[in-house]
Amino acid sequence: MAFIHNVLEQPSYGWKDENGNLSKPTQGQILREFFSRLNIFKTKKNWLSFMSWMMVLTLSVFLMLFIFKYFSIKGLIIAFLYSMVVMGTHGTIWYHRYCTHGAYKFKNNFWRFFTQNLTLKIIPEEIYAISHHVHHALSDQPGDPYNAQGGFLYCFLADANHQPINRNMNEKEYQRCVTLMKHTGVSVNTYAQYQKWGSVANPFHAVVGVIANWAFWFTIFYLIGGVALGCAIFGAAGFWAVGVRTFNYEGHGKGEDKRRDGVDHNRKDMSVNQLWPGFVAGEWHNNHHLFPKSARSGFKPHQVDTAFYYIKFMSMIGAVSQYKDSKAQFIKEYITPFVKVKTEPVYCPKTGKQILVTD
């Protein structure tokens, strides 16, 4: 079996049914799988999924404190902008375009560390990056860890149910996982440690990294605006952490073909361009599936790309040594031919007269 088909831990209900089609579990099956994958008493190899959701639950406490004790309109505006724009853009910059696709390179490790910790650390890089390689290889097919055809809950709980790496890889397969992660700076386990913990990421370094990141940012927010600001922003980060788990369900048409002519040019999968994720996070998803290694996915004039603006700025100050921009290729392959067809004269084969093309 190819590495890409075997790199993720298969859920108890499998990727495929007996006919080779997507296995569509019931909501009960999905929930049972979810709680089983969080059970660290069952096996310590569940530690990464457990930590990921414990972070969400911890941040929800800050959200409740903000709503019921420190609420203000100013705080709400700050929370909204931080969760939607700051966290959203950073997710695209760091997890998506760098950790997964390597669309750009940093000049040195300082700038990588700086970018990694620009916001609160919530999503473990391993859970996102390795599974996202599988998503691109098997988009909307059985084995896609967040296949929208499996339903909302199938996607929403995918980080625990479908995205963790296979716990039973041989050493060669494990080293391929390490290779996928080495540029991110994540402290990795040896193969012997992987056999014990079931992950690429070293648990001690991962936990210490989150604690240090959260302590740093809460101190900064406290010094700026006290506990109220800290609760507003930490709560907003938790809100984003939940909301981002819905993205691939929406971004692949909720399991239906919602692609539009002239808007969604990639026809190899069901990804669609959406205005809101595009404007607030630079995530033009159909464009991204066309050119996944591009540091820019906002190719058209109206397609704001805040993530690319950051990468471009970092390049201008020398922090990013190189990046790939596929805008010119996109225009050449998907815009210029369309414009040419619309503007070139068309003649009637019988009369030889020019036909006015208005559509």
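Okay, quick one today. When I say buried, I mean under 20% relative accessible area. Keep in mind that we're looking at a predicted model.

Let's start with helix H6. Who is buried in there? The list runs Glu125, Glu126, Ile127, Tyr128, Ala129, Ile130, Ser131, His132, Val134 and His135. That's 10 of the 13 residues, so H6 is largely enclosed by the rest of the structure. Does the length of H6 make sense, or what should we expect the span to be? At 1.5 Å a residue, the 13 residues should span 18 Å, and the end C-alpha atoms sit 19 Å apart, which agrees.

H6 covers residues 125-137, and alanine 129 is in it. Its relative accessibility is 1%, and the cut-off is under 20%, so alanine 129 counts as buried. What does alanine 129 touch, leaving aside residues up to four places away in sequence? Cys99, Thr100 and Met181. For some sense of distance, take tyrosine 82: 47 residues from alanine 129 in sequence, and 23 Å away in space, C-alpha to C-alpha.

A pair of aromatic rings is described by the distance of the centres and the angle of the planes. How many aromatic pairs do we get? The count comes to 33. One of them joins phenylalanine 34 and phenylalanine 35, edge-to-face, with 5.2 Å centre to centre and 65° between the planes.

Ring pairs link Phe62, Tyr82, Trp214, Phe216, Trp217, Phe218, Phe221 and Phe234.

Last thing, charges over rings. Which residue lies over the face of tryptophan 197? Lysine 44 does, at 5.2 Å from the ring centre. And over the ring of tryptophan 53 we find the charged end of arginine 245, 4.4 Å from the centre.

That's my tour, thanks.

How values were computed. Residues are numbered from 1 along each chain as its sequence is written. This is a predicted model: local features need pLDDT of at least 70, side-chain atom pairs count only at pLDDT 80 or more; totals for chains, interfaces and linings use all residues. Side-chain values use heavy atoms; hydrogens and water are left out. Helices (H or I, at least four residues) and strands (E, at least two) are DSSP runs, numbered from the N terminus. Buried means under 20% relative accessible area, exposed over 50%, partly exposed in between (1.4 Å probe, protein chains only). Contact means heavy atoms within 4.5 Å. Rings of Phe, Tyr and Trp (its six-membered ring) pair if their centres lie within 6.5 Å; planes under 30 degrees apart count as stacked, over 60 as edge-to-face and the rest as tilted. A charge sits over a ring if NZ of Lys or CZ of Arg is within 6 Å of the ring centre and within 35 degrees of the ring normal. The expected span of a helix is 1.5 Å times one less than its number of residues.
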